[in-house]
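Thanks for coming. I will go through one structure today, starting with a cavity and ending with a pair of helices.

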Amino acid sequence: MAGGLPRPAVPRRSAATRTLEPGRGGAGLVRRTVLPGGVRVVTEAVPAMRSVAVGLWVGVGSRDEGPSLAGASHYLEHLLFKGTRRRSALQISAAIDAVGGEMNAFTSKEYTCFYVRALDTDLPVAVDVLTDAVTSSLVRSADVAAERGVILEEIAMHDDDPTDVVHDVFAATVLGDGPLGRPVLGTVESIEAITRDQVHGYYQRRYRPDNLVIAAAGNLEHAQVVALVRKALAGTGFLDGAGQPRPPRAPRATTATRRGVRALRRPSEQANLVLGGLGLARTDERRFALGVLNAALGGGMSSRLFQEVRERRGLAYSVYSYTAQYADAGLFGVYVGCQPSKVDEVLDICRDALAGVLAEGVSEEEVERGKGQLRGALVLGLEDTGSRMSRLGKSELVYGELLSVEEILTRISALSVEDVAAVAADVLARADNLAVVGPFDPDRFVA
């Protein structure tokens, strides 16, 4: 299994393959294969491209960590590029650089993704190097020690930017101090205390075949990708047994801190604030209506908040609303960065905007404009192989289904003014939490 230990070769076993989307003229064909052990391979053929994007998606994130392991998922994101039995850290990066590819990774609260983008002719290199790094890392003590300093610097850089910090404060205000409300990076204290054995044990427990999705999109053939994955996983233990894919993450009980206020004093030239509360879970059928509401309130230059706060009154450069979805909860927030002397006026405007939608709803024009924004963002966001790969990986790992683009567009087009008003009545009624980072006494906003 993980950890770089040698494994005996296993006999080739059959795999279950099915078509998720038929595509047209060879383009857009999406196929899914489940390998022995539970590893899933999902691909989309895009013959017009000359590139491929390959991602290894693992169903583990910061919400899976206990207090003593806070930051472990992100720590592993760094460590898995540091060396395997077959390659050193330099050889891993040099192999991708030599073909002009791009390799990177990111960690979220519920999943981690490692990916490579490269020319279609270099697909074998991309699959082999990436799979080797993710499934067979050595996680050596020296690497844990060296990377500790890098991650502490990353935390320091994050903490120096109040526009980042305020979103962490907001998440903790709404979702509490449990795993979902904690920052993905961990804390200085948790990173300084975590040991090699803790990180390595976490790696072995979480990076398992049934929790792994390999997604690829571009000028490729599904059978070729499956064959390359089989070859790359041979001897790792990931093809052993008769495991089945792990289903999407089951919801957990999540509570919000009602009417919570948290203020963090910083000697900054700008006040950063987020006003909002609980949103919707990832699979909530109302999520498309919430997207339209978000567009109307603060999702673009024509939105209510942008027009009132920036265009008419000139109170802020950056003002927007946003949503975040998880398996069992979500966030809805309004962010503004303004001069400290203007914070009360800005807060009044934001609260009035939310109250106005609660009382009167949104107009037909706003709904149609919001639907257009969602449709455009969806289609334009699939213009490259990387975004198509991400759609496959997230759909398989966290949703458990792949909605076609046409089906999503149909759902968006069917939304009515009443649908948006109904979701506003639910979500905006809970938007009574406030997070502030700026040169203020923390007790100022509690009153």
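Helix H12 gives the most residues to the lining of the largest cavity, four in number. The model is predicted, so to speak of local features we need pLDDT of at least 70, and side-chain atom pairs count only at pLDDT 80 or more, while totals for chains, interfaces and linings use all residues. Residues are numbered from 1 along each chain as its sequence is written, and side-chain values use heavy atoms, leaving out hydrogens and water.

A cavity here is a set of points on a 1 Å grid over the protein atoms alone where a 1.4 Å probe fits but cannot get out, and lining residues have an atom within 4 Å of a point. Its volume is the space filled by probe spheres set on the points, which are joined across faces, edges and corners. Helices are DSSP runs of H or I, at least four residues, numbered from the N terminus.

The largest cavity has a volume of about 30 Å³. Its lining is Ala295, Ala296, Ser302, Ser303, Glu366, Arg369, Gly370 and Gln373. Helix H9 (287–298) and helix H12 (364–380) are the elements that give two or more residues to this lining.

Now the helix pair. Helix H10 (residues 304–312) packs with helix H11 (residues 343–360) at an angle of about 150°, the axes 10 Å apart. Axes are lines fitted to C-alpha atoms over the stretch in contact, and angles run from 0 to 180 degrees between N-to-C directions. H10 and H11 are therefore roughly antiparallel, a term for angles over 145 degrees. In the contact (heavy atoms within 4.5 Å), H10 supplies Arg304, Leu305, Glu308 and Val309, and H11 supplies Ile349, Cys350, Ala353, Gly356 and Val357.

Methods: Angles under 35 degrees count as roughly parallel, over 145 as roughly antiparallel, 65 to 115 as roughly perpendicular and the rest as oblique. On a 1 Å grid over the protein atoms alone, a cavity is a set of points where a 1.4 Å probe fits but cannot get out, and a pocket is an open set with protein on both sides within 12 Å along at least five of seven lines; lining residues have an atom within 4 Å of a point.
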